[in-house]
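Here is a briefing on one chain. Look over the sequence and the model first, then read the notes by topic.

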Amino acid sequence: MTQSVVVQVGQCGNQIGCCFWDLALREHAAVNQKGIYDDAISSFFRNVDTRAVGDGGSISKGRISSLKARAVLIDMEEGVVNEILQGPLRDVFDSTQLITDISGSGNNWAVGHKVFGRLYREQILEKLRKSAEQCDCLQCFFIIHSMGGGTGSGLGTFLLKVLEDEFPEVYRFVTAVYPSSEDDVITSPYNSMLAMKELNEHADCVLPIDNQSLFDIISKIDLVVNSGKLGSAVKPKSLITSNMGAVKKHHKKPFDAMNNIVANLLLSLTSSARFEGSLNMDLNEISMNLVPFPKLHYLVSSLTPLYTLADVNIPPRRLDQMFSDAFSKDHQLIQADPRHSLYLACALIVRGNVQISDLRRNIERLKPALQFVSWNQEGWKTSLCSVPPVGHSHSLLALANNTCVKPTFMELRERFTRLYKKKAHLHHYLQVDGMEESTFTEAVSSLSALIQEYSDLDATKSMPVPDVPRLSVAL
C-alpha cells in the first residue's frame, strides 16, 4: 500500500486542508469500525504511541493509538494554522509539521517565492524529508494552494521545484484554486500568471479549481434544498455540508461548503488507492494515462452527486443521470464545457454500489456525444471502488484532459495584460531582491505557448479518424 503527503500552503490551502482531514477521518471512521490501524488509514495517517518520547514512536500494526496526518502546513501568517491547532483537529498535527511566519506575503508572488522561499527552504525541506521517511512507500505529494494570493502562489510553486529536485520519483499533484474575475485581490492576475509558469514546468498533474464555479454549485444546491421541491428526499449530511454538519444557508461566501467540495475531490481521487474495489486505479496510472504531453497536465474535474438523496436502492435511471451530470458544464469545478471541446483522455472514478456493466453501458451511451482526439479514441481509464463517500450510496469523479481549459487560461492572460499594460503595482514586485521584469515576460510566453498547444489540438477536431488496420495473426 502506498502513502501520500499533503502539503497545504497559504490561507486557502490550509482551509481546504482542514476540511480534507476532517472528511478523511469521518470516512475512515465509517469504514473502520473496529479501530484497527490498516493499510487504508496508513495512506494518509501515521499511528503514533504518544507515550513515547519526542514526536512518538510509530505503530504499524494493531489498534489505533493516536493518528497523525501525513501533512506539512505552511503559511506566512499564523491565523488559519492557529485556528486549526485550536480546533477539533488539533491532535492530528504536531509542531514538527508546521511552518508559519507573522508578516504574510502581502498578496505578492515575489515575496512568497523569492523572499520566503529562500528564508524557509531548508526548514521546509527538513519537514518534507521527515514526512517522507515516515512512509513505507511514498507515491505522491498533494500540494493545495490558491493562485491569487502571495504565499499560496509564490511559496506554493517554490515548493514544487524543491520537491522535483529532492524527490524526482514522487508524483506532484497540485490542487490550484484560481481566482474569479470578481476577485478582491488587485494583484491576483500577476500572482496567477507567475505561478502558472511554475505549474507548467514542475507539476505532474494540476487540478484547476475555479472559485466562481464552486460558488455557483453551492448556490444551485441551496436553491434546490431550500425550494422544498425534494421535500424530505435530501439528507442533511452531504458533500456540501459544512464542518458543523449542517447545510449553511443564506451565506454570501459559503467557503466551508466550497472547501468541502475540493476536499471530496481529493478523497475520491485517492479512494481506489485506499480501499478495495473490482477495478483499481493508482495515482501513477492517472498521470500515465491522462497526460500524453508533459505540459498538458491540467485535468478538469467534476463530482456528482452533489447532494444525497435518501433512497439507497438506486434505480438505473438515476445512475445514468449521475454519468450524464459528470459531463454537463454545471458539475465542472472550473467554468468549462468539456462536451464541446476535444478530449485527450478521460478517467472515471466510481465509488459505491455500481457494477462494471453499469460503467461500460454508460461509456458506450456517452461516447458518441464526446469528441476524442483522433489518436486516442479509446482514451478511457476507469476505476471502481466499493467504499462510497460518507452519506452516499455511490459517487462519480470524472477527470478530463480536455482543451476546454483553454478559455480559463486565455481569460487569465487577458486580466494580466490589462494590469501589465499600465505597469500598475509592478514596483511592489520589482523591488523584491532577485525579481526582474523578464520574469513577467517569460511567464506570459510560457502561458501563451500552452494556449497555442491547446489551439493546435482543437484544430484537429474536424479531421477524420484514421481507420488503423489491425495486425492480422497467422494461424
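Buried residues make up 56% of the 475 residues in the chain; buried means under 20% relative accessible area, exposed over 50%, and partly exposed in between, with a 1.4 Å probe and protein chains only. This is a predicted model: local features need pLDDT of at least 70, side-chain atom pairs count only at pLDDT 80 or more, and totals for chains, interfaces and linings use all residues. Residues are numbered from 1 along each chain as its sequence is written, and side-chain values use heavy atoms, with hydrogens and water left out.

**Overall build**

- The chain has 14 helices and 14 strands; these are DSSP runs numbered from the N terminus, with helices being H or I of at least four residues and strands E of at least two.
- Among contacts between residues at least 6 apart in sequence, 82% join residues at least 24 apart; contact means heavy atoms within 4.5 Å.

**Nonpolar cores**

- A nonpolar core is a set of buried Ala, Val, Leu, Ile, Met, Phe, Trp, Tyr and Cys residues joined through side-chain atoms within 4.5 Å.
- The largest has 66 residues, of which Val7, Ile74, Phe141, Met196, Leu199 and Phe409 touch the most other members.
- Helix H4 (residues 109–133) gives the most to this core, with nine residues.
- Apart from this core lies another, of 58 residues, including Leu214, Ala257, Leu306 and Leu333.
- Leaving aside neighbours within four places in sequence, the contacts of Leu199 include His145, Met147, Val174, Val206 and Tyr298.
- In soluble globular proteins, nonpolar side chains tend to be buried together.

**Helix H6 against helix H14**

- The axes of H6 (residues 188–202) and H14 (residues 437–458) come within 9 Å and cross at roughly 65°; axes are lines fitted to C-alpha atoms, for helices over the stretch in contact, with angles from 0 to 180 degrees between N-to-C directions.
- The crossing is left-handed, meaning that the near helix is turned anticlockwise from the far one by less than a right angle.
- H6 contributes Tyr190, Met193, Leu194, Met196, Lys197 and Asn200 to the contact, while the H14 side includes Phe440, Val444 and Leu447.
- The contact residues divide into nine nonpolar, three polar and two charged; Ala, Val, Leu, Ile, Met, Phe, Trp, Tyr, Cys and Pro count as nonpolar, Asp, Glu, Lys and Arg as charged, and the others, Gly among them, as polar.
- Leu194 of H6 counts as buried because its relative accessibility is 2%.
- Leu194 and Val444 are 250 residues apart in sequence, yet 8.1 Å apart in space, C-alpha to C-alpha.
- Beyond its neighbours within four places in sequence, Leu194 also has contacts that include Trp109, Tyr429 and Met435.

**Cysteines**

- A search of the whole structure finds zero disulfides, a disulfide being a pair of cysteine sulfur atoms within 2.5 Å.
- For Cys140, the nearest cysteine sulfur is that of Cys205, 8.5 Å away.
- Cys140 counts as buried at 0% relative accessibility, and Cys346 counts as buried at 1%.

**Backbone points to check**

- Thr304 and Pro305 are joined by a cis peptide bond, with omega about -5°.
- Pro305 is in the loop between strand E10 (300–304) and helix H10 (316–326).
- Asn107 is not a glycine, but has a positive phi of about 50°; Asn107 is in the loop between strand E6 (98–100) and H4 and is partly exposed at 37% relative accessibility.
- His425, also not a glycine, has a positive phi of about 60°; His425 is in the loop between helix H12 (406–421) and helix H13 (426–430) and is partly exposed at 29% relative accessibility.
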